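Here is a short briefing to read with the model open beside you. Take the topics in any order you like.

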Amino acid sequence: MTSTETTPSSPAEPPQGPAAVADRRRWFALAIVMTAAFMDLVDVTIVNIAIPSIQRDEGASFSQIQWITAGYALAFAAGLITGGRLGDIHGRKRLFLVGIGGFTIASALCGFAANPEMLVASRILQGGMAALMVPQVLSIVHATFPAHERGKVFGLFGAIVGLGAVSGPLLGALLTEWNLFGLEWRPIFLINLPVGIAALILGRRFISESKAPKALKLDLVGVALVTLGLLMLLYPLTRGRELGWPLWGYVSMGCALLVFAALVAYERRKAARDGSPLVELSLFKVKSFAAGIAVQTVFGVGLGIFFLVWTLYMQVGLGWRPLRAGLTGVPFSIAVSAAAGMSVQLLVPRFGRKVLQAGALIMAAGVLLYIWESERYGLSIASWQMALPLVVMGAGMGFIVAPLTDAVLSEVPREHSGSASGLINTVQQMGNALGLGLVSVVFFGQIGDRLTPAQVGPAFVNGFQHALGWVVAVMVAIFLLMFALPKRPAQHVEGAEDTAAGEREGANPAAGTPVSDSEPALLG
């Protein structure tokens, strides 16, 4: 026999033979699901940069412009919990493939939309398909990788977030400027087709099925209540200003709170009766999860306001071309990516919660600096003058995005990973949609309806500064909410325990150790 046949590999050595193949397949499968997450992230940012072009070419109203972005976020938020639960019930691989296939088809419909109404409808469908696809990414990662490896994986996820933020505006700007085949803005959606088809083919081959360890049922009443509550809250916010803030809008938003209260009561009875609620309320007994969910929601509001207003400020208010606006955002995106990786790998293990709180304050400082520069330079502001506030903002955001996800999921039982990841994405997207709805109040409400060409620039600059004031308030609220997070992320302690247990049992998680039914494998 050779030495490799008689001597077991130590944890410090790379796995060999079938274990090495299994380990490579695990990381390759991770790359596939991360590609899907990247495609979703790019799709959001790529649309933002093309919004003024869509408005100009299609004659879309401000309300339709909001719905092109908010419709996606709303469908995404309304379907995420359901998507996560369906993955637990019917299999994460199956739902992932259905979602990515539907997302690709919806992207084609967006690309060939004949009018603003069809584009809005296609974007809502696209958001619904993303709701089936995206929850499977985090639930597969959470169920497959042990706690001591998740920090590295979520660090990678943070880098993907930053890369998506970089690629989206640049791709959107280039594709819009190039006007490929005379298609104007349409290639920003059509570019999803080859990526989606490749991910669909490779996903079928390299991702194996995993489900919750016990049989669950889909809570249709819960699905209806979640969807109804979100629609009753967000639709009046988005259309309210255009319709003159009618009484029914206020009634609808007030009744939405009653619907959410009914949802909580029903889900509590559902859990006691058959153990298959749509929203696993027991998760909120985990302090890190409950606090993280609150932070995610408020953070989503701030991002929803900022990104749409920022795009309109540069392209409509300042009159910049899409490519210049896209290039202006590069320092922000690079800062997000670099800070996300640094926070998870280096800072959070040492300083814990303080890193996330510092991120909120740093981002608030960057926004204040941006307001000051916008007021000082007015319509003559240059891209390079925006670089400093954008880098500061990006660094602050990077310190939050990656470690927050890790902290929220760290103490969640594996059998509820699908429901938990669906909730995480739901509240962030719900906050995002709420922020987009608030754009009617904090931005369009400041610029007026009938502006002469000479009034457009100053009005948009003033509206931008007013909206950013709201973003500062959001960051301060996030800083205060973060006091409810654990001082130290639990995964680092848990990871040490996992490592010690592995050494006692002679197991090497990275070498393809068999996974129990309660820890679904990603490997084929």
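In this predicted model, the largest cavity is lined by 44 residues. Those nearest its centre are Leu41, Val44, Leu303, Gln428 and Gln429. The volume of this largest cavity comes to about 920 Å³.

- Helix H11 gives the most to the lining of the largest cavity, contributing nine residues.
- For a sense of how such spaces are found, rolling a probe the size of a water molecule over the atoms shows where empty space is left.

**The second largest pocket**

- The second largest pocket holds about 290 Å³ of space.
- Its lining is made up of 16 residues, and Ile81, Phe260, Leu263, Leu423 and Met430 are the closest to the centre of the pocket.
- Four helices each supply at least two residues of this lining: H9 (220–239), H10 (247–274), H11 (287–317) and H16 (417–447).

- Asp40 belongs to helix H2, which spans residues 17–58.
- What is the nearest side chain of opposite charge to Asp40? That side chain is Arg123, 7.5 Å away.
- Asp40 is buried and has no salt bridge, because a salt bridge needs a side-chain nitrogen of Lys or Arg within 4 Å of a carboxyl oxygen.
- The side chain of Asp40 does make a polar contact, at 2.3 Å, with the side chain of Tyr72.
- Setting aside neighbours within four places in sequence, Asp40 is in contact with Tyr72, Phe76, Phe103, Ala130, Met133 and Val134.

**Two loop residues with positive phi**

- Glu184 has a phi near 60 degrees, a positive value in a residue other than glycine.
- You will find Glu184 in the loop between helix H6 (147–178) and helix H7 (187–190).
- Is Glu184 buried, partly exposed or exposed? Glu184 counts as partly exposed because its relative accessibility is 34%.
- Trp245 also has a positive phi, near 50 degrees, and is likewise a residue other than glycine.
- With a relative accessible area of 29%, Trp245 is partly exposed.

How values were computed
Residues are numbered from 1 along each chain as its sequence is written. This is a predicted model: local features need pLDDT of at least 70, side-chain atom pairs count only at pLDDT 80 or more; totals for chains, interfaces and linings use all residues. Side-chain values use heavy atoms; hydrogens and water are left out. Buried means under 20% relative accessible area, exposed over 50%, partly exposed in between (1.4 Å probe, protein chains only). Lys and Arg count as positive and Asp and Glu as negative; His and the chain ends are not counted. A polar contact is a pair of N or O atoms within 3.5 Å; within protein, one must be able to donate a hydrogen and the other to accept it, and residues adjacent in sequence count only if both atoms are side-chain atoms. Contact means heavy atoms within 4.5 Å. On a 1 Å grid over the protein atoms alone, a cavity is a set of points where a 1.4 Å probe fits but cannot get out, and a pocket is an open set with protein on both sides within 12 Å along at least five of seven lines; lining residues have an atom within 4 Å of a point. Grid points are joined across faces, edges and corners, and a volume is the space filled by probe spheres set on the points.
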